[in-house]
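Here are my notes on the aromatic rings and the charges over them. Please read them beside the model.

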Amino acid sequence: MLQAINRLQASRDLLDHAPKAVSRQGSIDLRNVQKVYPNGYVATEDVTLHIPGGSFFTLLGPSGCGKTTLLRIIAGFEEPSAGGVLISGRSIIGVPAYRRPVNTVFQSYVLFPHLNVYQNVEFGLRMRHMKATQRKHKVTDMLDSMQLGTLAKHFPNQLSGGQKQRVALARALVNEPELLLLDEPLSALDAKLRRELQVELLRLQKSIGTTFLFVTHDQQEAMIMSDQIGIMQQGRLQQVGKVHEVYERPKNIFVARFLGLPNIIRRESLTHTPTLPSAIRHITVHPERITFSHGAGHAAANILNGVVRERLYMGAHTDYVVAVENFPDLLVSDSSPNHRSRETGSGVRLVIQASDIVPLEG
Ligand code: ADP
Ligand code: MG
């Protein structure tokens with residue numbers, strides 16, 4: 001999985017070299033936002049967050065943690081019970097949804113069934129009374145850039161799921177919002193199509209420079225696509241940062257688990273932990289940071305003796321499940337030239353550098 005993420009992140013890096021204006025246009029500021037629903041349920045609590053204009057930001061968290069609630073507050077479908085919301089530096093509390101510089105794309109496609117693709121995309125421009133010639137120009141351009149030109153006369157029931165979602169995106173983007181909110185827009189699609197649309201969406205965001213606030217419960221999708229991610233649990237933001245920062249330095253056990261990091265270990269299982277704060281009870285070490293020892297000479301490292309329980313050949317690397325003292329299933333990911341060579345049942349020595357130990361709160 002890590003390899004796939006690295007590959008996609010590498011293609012992201014290419015896209016990142018495109019000139020990018022840093023601006024307040026399309027920025028979002030949430031200040032101590034709280035939402036208590038009328039039945040007393042506290043859906044978000046004290047959420048403070050700054051999203052730079054022009055960036056791709058993902059809210060990641062399990063179902064029910066308050067992601068949609070936050071999007072609805074930004075879009076204007078809900079008012080916060082307390083706190084402030086600014087778009088492009090201006091407070092939008094009390095501004096009705098239709099007057100906010102925001103468009104939303106939902107998981108279910110909600111296209112107008114009686115309008116064809118062209119008319120669906122044109123709809124918002126008609127509502128704004130844009131002149132016919134300008135409208136035609138904008139819709140045609142948008143259909144072309146979303147590779148929908150040949151489908152202009154098709155009706156929604158003649159489209160595949162991926163095509164429908166592209167129309168929904170085109171329909172939102174043709175209005176040139178400062179901010180696009182995307183609420184799990186790909187989760188109804190199969191894996192292959194989903195991957196294609198992830199790449200397409202990313203490319204689109206980089207080329208138009210509109211702020212994308214994307215919501216997903218899929219950590220891999222979040223890592224592939226985002227400039228920054230915010231990880232939510234039970235109505236609170238647990239950690240916000242660039243993708244690699246959060247992956248490399250998860251703040252607490254929840255974040256580490258949610259990102260799929262396997263080695264969450266009690267601190268006392270390791271002997272050499274000089275840099276850790278004393279209050280820490282749990283730590284994690286990324287599987288690709290643990291190495292097999294080839295002899296002595298690891299004064300500043302932890303040496304663990306163990307037995308290979310499982311060997312999982314992944315092509316470019318091999319994952320080993322190793323039983324060590326106090327921890328029966330340490331995952332070690334080996335991508336060195338002879339990575340396949342260790343047999344199940346064989347004894348191994350593992351090296352963990354002190355600097356690769358990540359302390360976890362909670
Ligand atoms: P997510 O999008 O992360 O799955 P939501 O923001 O939709 O989460 O919901 C957060 C919590 O708020 C859930 O427990 C949900 O049941 C609750 N909730 C959502 N809408 C309402 C509502 N209108 N009234 C009461 N509770 C709600
Ligand atoms: Mg939701």
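1. Start with the cluster. Phe56, Phe212 and Phe214 form one aromatic cluster. Rings of Phe, Tyr and Trp (its six-membered ring) pair if their centres lie within 6.5 Å; planes under 30 degrees apart are stacked, over 60 edge-to-face, the rest tilted.

2. On sources: this is a predicted model, where local features need pLDDT of at least 70 and side-chain atom pairs pLDDT 80 or more, while totals for chains, interfaces and linings use all residues. Residues are numbered from 1 along each chain as its sequence is written, chains are lettered from A and ligands numbered from 1 in the order written, and side-chain values use heavy atoms, without hydrogens and water.

3. The structure holds five aromatic pairs. Among them, Phe254 and Phe258 are stacked, at 5.7 Å centre to centre and 15 degrees between the planes. Both lie in helix α9 (residues 253–258), four residues apart, about one turn. Helices (H or I, at least four residues) and strands (E, at least two) are DSSP runs, numbered from the N terminus.

4. Phe292 and Tyr320 pair edge-to-face, with 5.4 Å between centres and 85 degrees between planes. This pair links distant parts of the chain: Phe292 is in strand β13 (residues 291–292), Tyr320 in strand β15 (residues 318–324), 28 residues apart. Phe292 and Tyr320 are buried.

5. Phe292 also has a charge over its ring: the charged end of Arg342 sits 3.8 Å from the centre. The criterion is NZ of Lys or CZ of Arg within 6 Å of the ring centre and within 35 degrees of the ring normal. Arg340 lies over the face of Tyr313, 5.2 Å from the ring centre.

Notes: Buried means under 20% relative accessible area, exposed over 50%, partly exposed in between (1.4 Å probe, protein chains only).
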